[in-house]
Amino acid sequence: MSDLSSLDPSGNIVYGSIMGGVNVILIVEAIQEFVTHKGSDLKTFHLASIIAVAVAFGVKFALFLYCMAIRKSSSQVQVLWEDHRNDLLTNGFGILTASGGAKLAWWIDPMGATIIAICIIAVWTRTVYEQFTYLAGITAPPDFINLVTYKSMTFSPSILSVDTVRAYHSGPNYFVEVDIVLDPHMPLWQAHDISQDLQDQIEKLGDVDRCFVHVDHEISHAPEHRKRE
């Protein structure tokens with residue numbers, strides 16, 4: 001499951017890029033409307049279209065509430081929730097500007113489309129950037145690292161010290177690395193059981209995909225995995 005979840009940001013990035021591209025097309029069409037429109041005639045008011053968009057608004061609002069309740073379960077559900085939120089903005093503001101273009105001034109409709117598209121592009125750009133940071137392995141926030149450190153230090157009286165704690169994104173969730181110090185004379189089987197139980201305990205945290213526990217007998221050594229010159 002963790003291998004599959006690490007691919008979630010890739011799909012979210014593709015989806016967000018497509019949505020951003022669609023709104024670029026919307027801006028181009030709005031500009032064409034500004035350039036090609038002649039005179040000051042109002043746009044035609046299409047009641048059936050307004051009703052259809054209003055119905056879609058109601059459906060999107062229900063889906064928005066549903067996804068909001070479960071958006072923490074998956075990054076894909078989070079993106080769906082953001083999509084429904086954006087659609088509520090688009091549909092709601094679109095109803096107002098379409099009505100304004102038919103009743104007040106023709107330019108209200110393309111102007112509204114431009115404003116909506118710019119807002120949606122900005123929102124999806126932020127979402128795509130966030131998903132890129134997940135793929136790049138951004139470090140977990142300090143509060144989460146402090147939580148893992150506390151759990152490691154208080155897990156067993158046999159743990160003499162916690163040398164290092166690392167947590168970083170691998171997809172929407174975290175990979176965690178913990179270096180603990182045990183008595184150098186402790187039997188291998190006991191050291192294994194303590195590290196395995198600690199690993200299982202940390203992996204029970206909701207945001208953790210995998211945990212790796214490294215056992216050492218002292219803390220005065222040079223950092224591991226350092227490239228030698």
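Over residues 12-32 the chain is 100% helix and 0% strand. Helices here are DSSP runs of H or I with at least four residues, strands are runs of E with at least two, and both are numbered from the N terminus. This is a predicted model, in which local features need pLDDT of at least 70, side-chain atom pairs count only at pLDDT 80 or more, and totals for chains, interfaces and linings use all residues. Residues are numbered from 1 along each chain as its sequence is written, and side-chain values use heavy atoms, leaving out hydrogens and water.

**Annotated stretches**

- The unreviewed UniProt entry carries the annotation "transmembrane region" for residues 12-32, 44-67 and 112-129.
- UniProt positions follow the numbering used here, feature names are shortened, and annotations may be inferred rather than shown by experiment.
- Residues 112-129 are 100% helix and 0% strand in the model. Their end C-alpha atoms are 26 Å apart.

- Helix α3 covers residues 47-70, which makes 24 residues. The expected span of a helix is 1.5 Å times one less than its number of residues.
- Buried means under 20% relative accessible area, exposed means over 50%, and partly exposed is in between (1.4 Å probe, protein chains only). The buried residues of α3 are Ile50, Lys60, Phe64 and Cys67.
- Asparagine 91 lies in helix α4. Asparagine 91 counts as buried because its relative accessibility is 18%.
- Contact means heavy atoms within 4.5 Å. Leaving aside residues up to four places away in sequence, asparagine 91 touches Val53, Ala56, Phe57 and Lys60.

**Salt bridges**

- A salt bridge is a side-chain nitrogen of Lys or Arg within 4 Å of a carboxyl oxygen of Asp or Glu. Searching the whole structure gives two of them.
- One joins aspartate 87 and lysine 60, with the closest N and O atoms 2.7 Å apart. This pair links distant parts of the chain: aspartate 87 is in helix α4 (residues 75-103), lysine 60 is in helix α3, and they are 27 residues apart.
- Aspartate 87 has a relative accessible area of 18%, so it is buried.
- Glutamate 177 and arginine 166 also form a salt bridge, and their closest N and O atoms are 3.5 Å apart. Here, too, distant parts of the chain are linked: glutamate 177 is in strand β2 (residues 173-181), arginine 166 is in strand β1 (residues 161-170), and they are eleven residues apart.
- Glutamate 177 is partly exposed, at 22% relative accessible area. Arginine 166 is partly exposed as well, at 32%.

**The sheet**

- Strands of a sheet pair through backbone hydrogen bonds, either parallel or antiparallel. Two strands count as paired if DSSP finds at least two bridges between them.
- Three strands form an open sheet with mixed pairing, in the order β1-β2-β3. The edge strands are β1 and β3 (208-216), each pairing on one side only. From one strand to the next, the twist averages 15°.
- β1 and β2 are antiparallel over nine bridges. Threonine 164 stands opposite aspartate 179 in β2. Arginine 166 stands opposite glutamate 177 in β2.
- β1 and β2 make a hairpin with two residues between them. Glycine 171, in the turn, has a positive phi of about 85°.
- β2 and β3 are parallel over eight bridges. Tyrosine 174 has valine 208 in β3 as its bridge partner.
- β2 is mostly covered, with eight of its nine residues buried.

**Two loop residues**

- Isoleucine 159 sits in the loop between α6 (142-153) and β1. Its relative accessibility is 8%, so isoleucine 159 counts as buried.
- Not counting residues up to four places away in sequence, isoleucine 159 touches Ser152, Ile180, Val181, Leu182, Ile194 and Leu198.
- Isoleucine 159 and isoleucine 180 are 21 residues apart in sequence, and their C-alpha atoms are 6.6 Å apart in space.
- Glycine 206 is in the loop between α7 and β3. Glycine 206 is exposed, with a relative accessible area of 70%.
- Glycine 206 and serine 73 are 133 residues apart in sequence, yet 9.1 Å apart in space, C-alpha to C-alpha.

Methods: Axes are lines fitted to C-alpha atoms, for helices over the stretch in contact, and angles run from 0 to 180 degrees between N-to-C directions.
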